[in-house]
Amino acid sequence: MRLAELVTFYERLTPSSVARLAELYAPDAHFQDPFNDVRGVPAIEAIFRHMFEQTLEPRFVVGERYVGDGSAVLAWSFHFRVRRWRPRQLRTIVGLTHL
């Protein structure tokens, strides 16, 4: 899959499209963020399913892309509202993903 296709996938991520993660990741892929450190597609899918259960209107926006020899870095923002928090203010987390 090309980088542009991966970006489009994440920017259009829905609860039903989480099942397509197996098309994007190797079976033994490693996924790490500040809250999780897992290996394998089923564990990665569980993270994104949980995200949709806990948040309202989750959305990734990929900004800059840095491509090198055999790797890439994506600068992104994650916008969401937490279901159980009141008021349900829009929150944003900014991060980088190394592929």
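Two strands are taken to pair if DSSP finds at least two bridges between them. Strands (E, at least two residues) and helices (H or I, at least four) are DSSP runs, numbered from the N terminus. By this rule 8 bridges join strand E4 to strand E5 (residues 91–98), and the two run antiparallel.

The model is predicted: local features need pLDDT of at least 70, side-chain atom pairs count only at pLDDT 80 or more, and totals for chains, interfaces and linings use all residues. Residues are numbered from 1 along each chain as its sequence is written, and side-chain values use heavy atoms, with hydrogens and water left out.

The sheet is described next. Strands of a sheet pair through backbone hydrogen bonds, either parallel or antiparallel. Here an open sheet of 3 strands has the order E3-E4-E5, with antiparallel pairing. E3 and E5 stand at the edges, each with a single partner strand, so one side of each lacks a neighbour in the sheet. Neighbouring strands are turned by 20° against each other on average, direction ignored. For such angles, axes are lines fitted to C-alpha atoms, for helices over the stretch in contact, and angles run from 0 to 180 degrees between N-to-C directions.

E3 and E4 are joined by 10 bridges and run antiparallel. Thr-55 has Val-82 in E4 as its bridge partner. Phe-60 stands opposite Phe-78 in E4. Val-67 stands opposite Ala-72, also in E4. The hairpin of E3 and E4 has 2 residues between the strands, and Gly-70 takes a positive phi near 75° there.

H1 lies across E3 and E4, running at about 165° to E3. H3 also lies across E3 and E4, but runs at about 135° to E3.

The nonpolar core comes next. Such a core is a set of buried Ala, Val, Leu, Ile, Met, Phe, Trp, Tyr and Cys residues joined through side-chain atoms within 4.5 Å. Buried means under 20% relative accessible area, exposed over 50%, and partly exposed in between (1.4 Å probe, protein chains only). The largest nonpolar core has 24 residues. Those with the most contacts inside it are Tyr-10, Leu-13, Leu-21, Tyr-25, Phe-48 and Phe-60. At least two core residues come from each of helix H1 (3–11), helix H2 (21–24), helix H3 (41–54), strand E3 (55–68) and strand E4 (71–82). H3 gives the largest share, 6 residues. In soluble globular proteins, nonpolar side chains tend to be buried together.

Leu-13 illustrates the packing. Contact means heavy atoms within 4.5 Å. Not counting residues up to four places away in sequence, Leu-13 touches Val-18, Phe-48, Met-51, Phe-52 and Phe-60. Phe-48 and Phe-60 are themselves among the core residues with the most contacts.

Charged pairs were also examined. A salt bridge is a side-chain nitrogen of Lys or Arg within 4 Å of a carboxyl oxygen of Asp or Glu. The count comes to 3 salt bridges.

One of them joins Arg-20 to Glu-23, with the closest N and O atoms 3.0 Å apart. Arg-20 is partly exposed, with a relative accessible area of 33%. Glu-23 is exposed, at 53%.

Another joins Glu-45 to Arg-49, with the closest N and O atoms 3.6 Å apart. The two residues are 4 residues apart in helix H3, which means that about one helical turn separates them. Arg-49 is partly exposed, with a relative accessible area of 40%. Glu-45 counts as buried, at 16% relative accessibility. Leaving aside its neighbours within four places in sequence, Glu-45 is in contact with Val-18, Ala-19, Leu-21 and Ala-22. Of these, Leu-21 is listed among the core residues with the most contacts.

In a further salt bridge the side chains of Arg-81 and Glu-57 meet (3.0 Å, N to O). This pair links distant parts of the chain: Arg-81 is in strand E4 and Glu-57 in strand E3, 24 residues apart. Arg-81 counts as partly exposed, at 23% relative accessibility. Glu-57 is exposed, with a relative accessible area of 53%.
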